[in-house]
Amino acid sequence: MNNENYNIVMFAYNEQNNIEASITSIFNNVNEQLHSFYLIANGCTDETVAIANAVKDKLGFNRLKVIEIALGDKCNAWNTYVHELADSVGVHFFTDADVQFSEHCFEKMAGKLADSDEQTVVIAGMPLSGRNIDFYRSLVIERACFFGNLYGMKHAFIERIRETPFRLPIGLNWIDSFLTKAANTDLRFTNFNLPNRTTWIEGVGYDFEKLSIFKRSDINLYINRIARYELGKIQEVFLDALPCERWPADMMDINRKIDNDFDNLTSQLGFVKKRLVRKRLTKILANANR
């Protein structure tokens, strides 16, 4: 297996309850091939940064770099890493701050991706838990999808992105879908996938604690996730109509268009999902007008 050096970037927004476990899981599953681990805390208003720095000191994890950016937006954090921070290691891993990782997953995934064909640019972390695990596994295996919880990207594809105007618009709600399209179409956003753009390893990936119907925070997280995905699907319709070089820097004009034609654009949704999307969109627009 190729001994490929790699970076890890973790995006965290108000993850004080999960950040120690996630950092510790990374610490326990990396090896000398890790070059840098960037924790990008975007717009945190809780103790995420303080806890992360304390865990760094406790573990002696010197390759961890805690970076704070003011804007609480994952797309902006992703753009910051890809266009400003990513150096020329072989593989870049992107992770969320509320998951744990399987044993030695980073070196295994880096080696698999480095040894893959030239056209293969992303390796998906496999979901290892969850009520819908079979469905999400099928998306990875049969439809070449990958998820923000954990995936690795060749540096060659980072360079390809930097050669183009491709950036994720700030405020985009369904990031995984667009990154999957970007990788599988080589940034051309055609309606078909190119062959062999992604890969994976059975049993190698990420785990997370199941949500509980008895915890208010978990219920709120589940509700927000539904609203975010459904709004993202509607935003996707507008972006799909544009070449990526004409994508807006942020989604506010598109959000206003959705607001103006809300009933028509959400006609396929049931009452509950429509209400959740309406609440999320109203909050986004209200915050923009402050």
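**Figure 1. Surroundings of Tyr 136 in the predicted model.** Once neighbours within four places in sequence are set aside, Tyr 136 is in contact with Pro 127 and Phe 147. The structure shown is a predicted model. Tyr 136 lies in helix H5, which covers residues 133-143. With a relative accessible area of 31%, Tyr 136 is partly exposed, a class that falls between the buried limit of under 20% and the exposed limit of over 50%. Ile 175 is 39 residues away from Tyr 136 along the chain, and the C-alpha atoms of the two residues are separated by 16 Å.

**Figure 2. Strand S1 and its burial.** Strand S1 comprises residues 6-12. Seven of the seven residues of S1 are buried, and the strand is therefore largely enclosed by the rest of the structure. Cover is present on both faces of S1. One side carries the buried residues Tyr 6, Ile 8, Met 10 and Ala 12, while Asn 7, Val 9 and Phe 11, likewise buried, lie on the other.

**Figure 3. Pairing of strands S1 and S2.** Strands of a sheet pair through backbone hydrogen bonds, in either a parallel or an antiparallel sense. Here S1 pairs with S2 (residues 34-42) in the parallel sense, over seven bridges. Tyr 6 has Leu 34 as its bridge partner in S2, and Ile 8 stands opposite Phe 37 of S2.

Figure 4. Eight strands make up an open sheet of mixed pairing, in the order S3-S2-S1-S4-S7-S6-S8-S5.

**Figure 5. The protein chain as context for the close-up views.** The protein chain contains eleven helices and eight strands. Its radius of gyration is 19 Å, close to the 19 Å that the globule rule gives for 290 residues, so the chain is as compact as a globular protein of that length. The C-alpha trace spans about 55 × 40 × 35 Å along its principal axes. Buried residues account for 48% of the 290 residues. Of the contacts between residues at least 6 apart in sequence, 78% join residues at least 24 apart. The accessible surface amounts to about 14500 Å², and carbon and sulfur atoms contribute 48% of that surface. The chain holds 34 positive and 37 negative charges, whose mean positions are 6 Å apart.

Note on methods:
Residues are numbered from 1 along each chain as its sequence is written. This is a predicted model: local features need pLDDT of at least 70, side-chain atom pairs count only at pLDDT 80 or more; totals for chains, interfaces and linings use all residues. Side-chain values use heavy atoms; hydrogens and water are left out. Helices (H or I, at least four residues) and strands (E, at least two) are DSSP runs, numbered from the N terminus. The radius of gyration is taken over C-alpha atoms; the globule rule is 2.2 Å times the number of residues to the power 0.38. Buried means under 20% relative accessible area, exposed over 50%, partly exposed in between (1.4 Å probe, protein chains only). Contact means heavy atoms within 4.5 Å. Accessible areas come from the Shrake-Rupley method with a 1.4 Å probe; for residues, only the protein chains shown count as cover. Lys and Arg count as positive and Asp and Glu as negative; His and the chain ends are not counted. The place of a charge is taken as NZ of Lys, CZ of Arg, CG of Asp or CD of Glu. Two strands pair if DSSP finds at least two bridges between them.
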